[in-house]
Amino acid sequence: TDPDNDLAVIKIKDINFKKLSSLPYAFKMMGINVGEKVFAMGYPQIDLQGNEVKVTDGIISSKTGFQNDNKSYQISAPIQHGNSGGPLFDNSGNLIGITSSGLPGSQNVGWAIKVTYLNNLLDLIPNFPSLPPKTTISELQFTEKIKALSKFVVLIRVVKPNCDLKAPS
């Protein structure tokens, strides 16, 4: 975990979860410019919008986030409750950030933690598999990129055990 950057890496232990193939995207850590087109994927407000992955697009509005935070980008892709923790991709399908928040009462003002901070966290995990050096989907049409990436954007529900329950005697 990295509480300062609001990041965590989790291991999914679920007999129904199928192992994924190799990642079709790479981490792009440098060369992101203001005005670059981006898209976010996630599961906003599933109680209202359903549990199918949603896609929003926009641009990099600023290389700094809330109150000039250098750890994040400001983006115009709409971010709603439930999008946080989802991926932010450039138009080639490279991961460039992790969506973190939006500005309540404003439209199309959101932030994403730069992928360099996720990469630093992954470096601390023993035997973490190496990431692909480049994306394999850059030449695909946008809709085909979304199909390929949707397999790697999962809805995770955390169920807290009820502490008031007593074991049977």
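**Buried side chains, strand pairing and a surface patch**

Student: Is Asp 90 buried or exposed?
Tutor: The model is predicted, with local features requiring pLDDT of at least 70 and side-chain atom pairs pLDDT 80 or more, whereas totals for chains, interfaces and linings use all residues. Residues are numbered from 1 along each chain as its sequence is written, and side-chain values use heavy atoms, leaving out hydrogens and water. Because buried means under 20% relative accessible area, exposed over 50% and partly exposed in between, with a 1.4 Å probe and protein chains only, the 2% of Asp 90 makes this residue buried.

Student: Which backbone nitrogens lie 3.0 Å and 2.8 Å from a polar atom of the side chain of Asp 90?
Tutor: A polar contact is a pair of N or O atoms within 3.5 Å; within protein, one must be able to donate a hydrogen and the other to accept it, and residues adjacent in sequence count only if both atoms are side-chain atoms. Asp 90 itself lies in strand S4, residues 87-90, where strands (E, at least two residues) and helices (H or I, at least four) are DSSP runs numbered from the N terminus. At 3.0 Å the nitrogen belongs to Ser 92, and at 2.8 Å to Asn 94.

Student: In S4, which residue is the bridge partner of Ala 40?
Tutor: Strand S1 (residues 37-42) has five of its six residues buried, and two strands pair if DSSP finds at least two bridges between them. S1 runs antiparallel to strand S2 (residues 54-62), joined by six bridges, and there the partner of Ala 40 is Thr 56. S1 is also antiparallel to S4, through three bridges, and on that side the partner of Ala 40 is Leu 88.

Student: Leaving aside neighbours within four places in sequence, with which residues is Asn 119 in contact?
Tutor: Asn 119 lies in helix H2 (residues 115-123), and its 15% relative accessibility counts as buried. With contact taken as heavy atoms within 4.5 Å, the residues in question are Phe 27, Met 29 and Leu 131.

Student: What is the relative accessibility of Ile 156, which counts as partly exposed?
Tutor: Ile 156 lies in the segment after helix H3 (142-150). On the surface, Ile 156 forms a nonpolar patch with Ile 10, Ile 12, Phe 17, Leu 20 and Val 154. The relative accessibility by which Ile 156 counts as partly exposed is 44%.

Notes: Patch = residues over 30% accessible without salt bridge, like charges linked within 9 Å, V, L, I, M, F, W, Y side chains within 5 Å. Areas by Shrake-Rupley, 256 points an atom, 1.4 Å probe, with all protein chains shown as cover. Salt bridge = Lys/Arg side-chain N within 4 Å of Asp/Glu carboxyl O.
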